[in-house]
Amino acid sequence: MKKSKLTIVGGGSTYALGILMSLIEEANHLPLSEITLYDTDISRQEKIGKAANILLKEHYPSLEKFEYTSNQSTAFKDADIIFVQTRTGGLLMRELDEQIPIQHGLVGQETCGAGGMSYGLRSIPDMIQLVKDIRSINKEAWVLNYTNPAAIVGLALDKVFPDDNRLLNICDMPIAIMKSYADILDEDVWNLEADYFGLNHFGWFTKIRNKYGHDYTSELKHLIKNNDFKPTDKLIANDPSWQSTFKQAKQMVQDFEEYLPNTYLQYYLYPNQLSQKESANNTRARQVINGREKEVFNDCDTIINQNNTENIDISGDIHGVYMIRIAASLVHHLKERFIIITRNEGIIPNLPSDALVEVPALLGKDGAEPFKVGEIPTFYKGLLENQYAYEKLVVEAYFENDYNKLLQALVLNRTVIDTNKAKNVLNDLFEANKEYWPNLN
């Protein structure tokens with residue numbers, strides 16, 4: 001199997017070492033000759049890069065070359081695959097995305113509602129420029145983008161790069177949920193197949209079966225409704241926030257048992273309840289700053305000081321493995337099935353054709369071949385049309401510098417709805433994002 005060259009954009013991320021361990025563990029699926037980390041935050045990436053160099057020498061001896069850089073030509077030239085995970089404004093701006101809506105009695109979440117809108121408007125210009133920079137240097141690389149909020153970012157990228165079929169928008173949440181399903185069923189997650197439809201962070205599993213055709217859907221619903229439903233992937237299993245999320249998912253299955261929900265639907269189906277649970281002084285961003293971020297950089301210091309990874313708990317996770325197996329399917333034309341984000345164009349005929357839907361697809365050297373879903377029932381159609389209208393208005397507001405469209409978007413969003421709240425939170429978010437957002441007319 002031919003070896004590939006991989007670049008990871010966002011090399012200073014706290015997820016970078018975990019992705020590298022996933023690459024090591026998945027070397028048989030995606031053998032690599034070179035890995036490059038790229039980030040514009042040089043000091044942050046340097047610590048990750050030094051630790052990564054030690055990690056890879058220990059655990060990936062067949063790798064021919066590793067480097068970390070802030071030079072785009074070095075990072076993008078000759079890469080076969082480019083993973084993109086960026087966070088414009090960093091965790092401190094994410095904290096404001098969460099805090100400001102909470103202060104208005106709204107859901108404070110980085111991809112949903114007012115916070116998601118805020119983050120999306122910050123992310124769009126950087127992501128457009130990044131893809132332009134990549135394509136000016138390398139027109140053939142597979143660019144796998146999992147930058148949040150994927151719905152808004154993906155829609156903006158589709159508007160600017162409508163014909164780039166080597167640019168794929170992907171989210172790992174469906175596979176993280178499927179990992180929990182697999183553990184409940186005592187199955188291998190890679191032995192499961194899902195039928196799924198929706199928008200990013202706004203969708204439903206209609207069937208879960210194994211590759212031999214056994215349908216687990218009814219059994220899963222029964223197990224979830226009658227037992228504890230917990231996250232099981234290493235990255236989130238012991239996280240109280242994620243434990244609460246999966247508990248709420250159980251409530252969704254009890255209230256709407258037709259399909260199995262994406263966990264993010266909790267913010268749209270129970271916005272009042274979810275907004276009351278959150279504290280502006282201890283948002284998810286603050287928990288990450290005080291928790292995972294400190295732990296990862298402390299681990300890097302230890303690895304660098306002792307010049308080995310002994311007694312450091314670094315392992316791959318479903319997030320990294322999912323990206324790697326998608327890349328392998330594309331590069332080696334495996335035509336394997338994954339849930340990805342793609343333009344609707346009749347996949348769900350009773351939704352707008354230009355919506356970006358999240359559905360299963362076969363992935364090979366020619367890109368994504370999505371499976372047709374067919375028409376969906378009225379309840380789900382209504383929810384998805386509403387959510388897509390919100391996403392589309394946010395993207396249009398960015399390109400047109402249109403304040404009114406942002407206000408309309410928030411009034412449509414199920415986590416906001418109230419016009420006065422929408423105006424107040426929009427004004428506060430605009431003030432916080434003056435450095436990042438376009439000027440609004």
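**Exercise 1. How many salt bridges does the count come to?**

Solution. The model is a predicted one. A pair qualifies when a side-chain nitrogen of Lys or Arg lies within 4 Å of a carboxyl oxygen of Asp or Glu. By this rule, the count is 29 salt bridges.

**Exercise 2. Take the salt bridge between Glu64 and Lys3. Find the parts of the chain that the pair ties together, and state how exposed each partner is.**

Solution. 
- Step 1. Check the distance. The closest N and O atoms of Glu64 and Lys3 are 4.0 Å apart.
- Step 2. Glu64 sits in the loop between helix 2 (42-59) and strand 3 (65-69), and Lys3 in the segment before strand 1 (4-9). The pair therefore ties together parts that are 61 residues apart in sequence.
- Step 3. Apply the cut-offs. Exposed means over 50% relative accessible area, and buried means under 20%. Glu64 has 59%, so Glu64 is exposed. Lys3 has 33%, so Lys3 is partly exposed.

**Exercise 3. Which residues are linked with Arg87 in a network of salt bridges?**

Solution. The network links Arg87 with Arg94, Glu98 and Glu110.

**Exercise 4. Inspect the backbone at Asp78, Asn311 and Pro149. State what stands out at each.**

Solution. 
- Step 1. Most residues other than glycine have a negative phi, and most peptide bonds are trans.
- Step 2. Look at Asp78. Its phi is near 70°, a positive value. Asp78 lies in the loop between helix 3 (72-76) and strand 4 (81-84). With a relative accessible area of 48%, Asp78 is partly exposed.
- Step 3. Look at Asn311. Its phi is also positive, near 65°. The loop between helix 12 (284-306) and helix 13 (318-331) holds Asn311. Its relative accessible area is 75%, so Asn311 is exposed.
- Step 4. Look at Pro149. The peptide bond from Asn148 to Pro149 is cis, with omega about -10°. Pro149 is in the loop between strand 5 (142-145) and helix 6 (150-160).

**Exercise 5. Describe the second largest pocket. Which element gives the most to its lining?**

Solution. 
- Step 1. Start with volume. The second largest pocket has about 440 Å³.
- Step 2. List the lining. It has 23 residues, and those nearest the centre are Asp164, Asn165, Leu167, Thr342 and Arg343.
- Step 3. Assign elements. Helix 6, strand 6 (167-169), strand 10 (336-343) and strand 12 (367-370) each give two or more residues to this lining. Strand 10 gives the most, with four.
- Step 4. Sort by class. The lining has 11 nonpolar, six polar and six charged residues.

Notes
Residues are numbered from 1 along each chain as its sequence is written. This is a predicted model: local features need pLDDT of at least 70, side-chain atom pairs count only at pLDDT 80 or more; totals for chains, interfaces and linings use all residues. Side-chain values use heavy atoms; hydrogens and water are left out. Buried means under 20% relative accessible area, exposed over 50%, partly exposed in between (1.4 Å probe, protein chains only). On a 1 Å grid over the protein atoms alone, a cavity is a set of points where a 1.4 Å probe fits but cannot get out, and a pocket is an open set with protein on both sides within 12 Å along at least five of seven lines; lining residues have an atom within 4 Å of a point. Grid points are joined across faces, edges and corners, and a volume is the space filled by probe spheres set on the points. Ala, Val, Leu, Ile, Met, Phe, Trp, Tyr, Cys and Pro count as nonpolar, Asp, Glu, Lys and Arg as charged, and the others, Gly among them, as polar.
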